Each structure stands twice: as C-alpha cells, then as structure tokens.
Amino acid sequence: LEQIDAARSEVLIANAYFFPTRGFRRALLNAARRSVTVTLLLQGKADHPLQHFASRALYRGMLAAGIRIHEYYPSLLHAKVAVFDGRVATVGSSNIDPFSLGLAREANIFVDDRPFAAELRASVYDSIDEHARTVSLHYWRRLPFSLKARIWLAYRFVRLLMVIYGFD
C-alpha cells in the first residue's frame, strides 16, 4: 500500500487471485486519480470459480477509474509480482486477497533496483502483449444476465466470508 500511495507514474501488478480489500482498492483508485497508470494482469482461467467470479464484480469500478485490466489465458497464472514507477519491485507468494494476506503464512520481498524492476516490468508486459486479453470498459454491459448473477452471488458470498473472518 505504501508503494501504491507513493507511486507517481506507474503501478503494474500481476496476480492470480485478485480480491483486494477496500483499502487496497481505494489505494489503486486514488493512484489512477493522480494520473498514475495502473495496470493489472489477472488470471483469465478459473481454477477457483468462487474467487474468479467474485473478483469480476470489482472490474466495473476499476475500469471506470481508468485502471487497465488484462486477463491471462494460455494457462493458469501463478504470478505474484508488482512494479512501482519502474524502480521498486515485489515478488513473493502472497495473492492480493485478504485470505492470503491474513490467514496464510505468505511473504513478498521488495527490491529497490531499477535493472531488476525493468526486467520484471518487461516480462509482465510481454505476457500482456502475447498472451492476455484486454478487458474493455464495456465488459459488464456485454455479459449475459446469468453470468452477472453468478458474479454478484460470488461477490456477496466472498464478502460474507471476509466479515466472518474479520477482514476489511
């Protein structure tokens, strides 16, 4: 969160299970409002359907704020990395969801090294360019009602689990 709040030009995140807390979402939205380019590479294939559908409920607000979302499809995405302003990078085992961050024993390291950050940034953008689909601002409008219903129900259920476990 500190790196997102300090970002001046770019926040690039690649993460498999993306269901951030309100505070994390607020930080991303605030960065976008500051004209920081926020780009997300998220998993397109569902290996955990509940979380997969729940995360899609967050797309509309993020896309409307100018956050760029891409979904990776060739295989399951297992990345858990981010680059901030092309200078600081993080790599680790934690997903951006309260269960990984709060219940699991996971960790990330932060590296303040421009060459490392540049290499990681290039790798993520290569994956976006070669293997991802861009999610458009009109994503929600094109979805069939049955899929919107599954997304809404999954989101509400995951939010309930967050309340039960004391997150957010």
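Me: Which element gives the largest share of the lining of the largest cavity?
Reply: Helix α3 does, with 4 residues. Helices here are DSSP runs of H or I with at least four residues, strands are runs of E with at least two, and both are numbered from the N terminus. A cavity is a set of points on a 1 Å grid over the protein atoms alone where a 1.4 Å probe fits but cannot get out, and lining residues have an atom within 4 Å of a point.

Me: Before I go on, what kind of model is this?
Reply: This is a predicted model, in which local features need pLDDT of at least 70 and side-chain atom pairs count only at pLDDT 80 or more, while totals for chains, interfaces and linings use all residues. Residues are numbered from 1 along each chain as its sequence is written, and side-chain values use heavy atoms, with hydrogens and water left out.

Me: Back to the cavity. What is the volume of the largest one?
Reply: About 60 Å³. The volume is the space filled by probe spheres set on the grid points, which are joined across faces, edges and corners. The count is 1 cavity of 30 Å³ or more.

Me: Which residues line the largest cavity?
Reply: Ala 16, Tyr 17, Phe 18, Leu 42, Gln 43, Gln 51, His 52, Ser 55 and Arg 56. The elements that supply two or more residues to this lining are β2 (37-43) and α3.

Me: And by class? How many are nonpolar, polar and charged?
Reply: The lining of the largest cavity has 4 nonpolar, 4 polar and 1 charged. Nonpolar covers Ala, Val, Leu, Ile, Met, Phe, Trp, Tyr, Cys and Pro; charged covers Asp, Glu, Lys and Arg; the others, Gly among them, are polar.

Me: Arg 56 is in that lining. Which side chain does Arg 56 meet in a salt bridge?
Reply: That of Glu 71, at 2.8 Å from N to O. Because Glu 71 is in strand β3 (residues 68-72) and Arg 56 in helix α3 (residues 49-56), the pair ties together parts 15 residues apart in sequence. A salt bridge means a side-chain nitrogen of Lys or Arg within 4 Å of a carboxyl oxygen of Asp or Glu.

Me: Is Arg 56 buried or exposed?
Reply: Arg 56 counts as buried, at 5% relative accessibility. Glu 71 is buried too, with a relative accessible area of 6%. Buried is under 20% relative accessible area, exposed is over 50%, and partly exposed is in between (1.4 Å probe, protein chains only).

Me: How many salt bridges does the structure hold?
Reply: There are 3. One of them joins Arg 121 and Glu 10, with the closest N and O atoms 2.7 Å apart. Arg 121 lies in helix α6 (residues 114-131) and Glu 10 in strand β1, so this pair links parts that are 111 residues apart in sequence. Glu 10 is buried at 9% relative accessibility, whereas Arg 121 is partly exposed at 32%.

Me: What does Arg 87 pair with?
Reply: Asp 112, in a salt bridge of 2.7 Å, N to O. Asp 112 is in strand β6 and Arg 87 in the loop between β4 and β5 (88-92), so the parts they tie together are 25 residues apart in sequence. Asp 112 is exposed, with a relative accessible area of 54%, and Arg 87 is partly exposed at 31%.

Me: Now pockets. What volume does the largest one have?
Reply: About 360 Å³. Here a pocket is an open set of grid points with protein on both sides within 12 Å along at least five of seven lines.

Me: Which residues are closest to the centre of that pocket?
Reply: Of the 21 lining residues, Leu 1, Phe 24, Thr 90, Asn 108 and Phe 110 are the closest. α1 (2-6), β1 (10-15), β4 (80-84) and β6 (108-112) each give two or more residues to the lining, and β4 has the largest share, with 4 residues. By class, the lining of the largest pocket has 12 nonpolar, 6 polar and 3 charged residues.

Me: Last thing, the overall fold. How many helices and strands are in the chain?
Reply: 8 helices and 7 strands. Buried residues make up 45% of the 168 residues.
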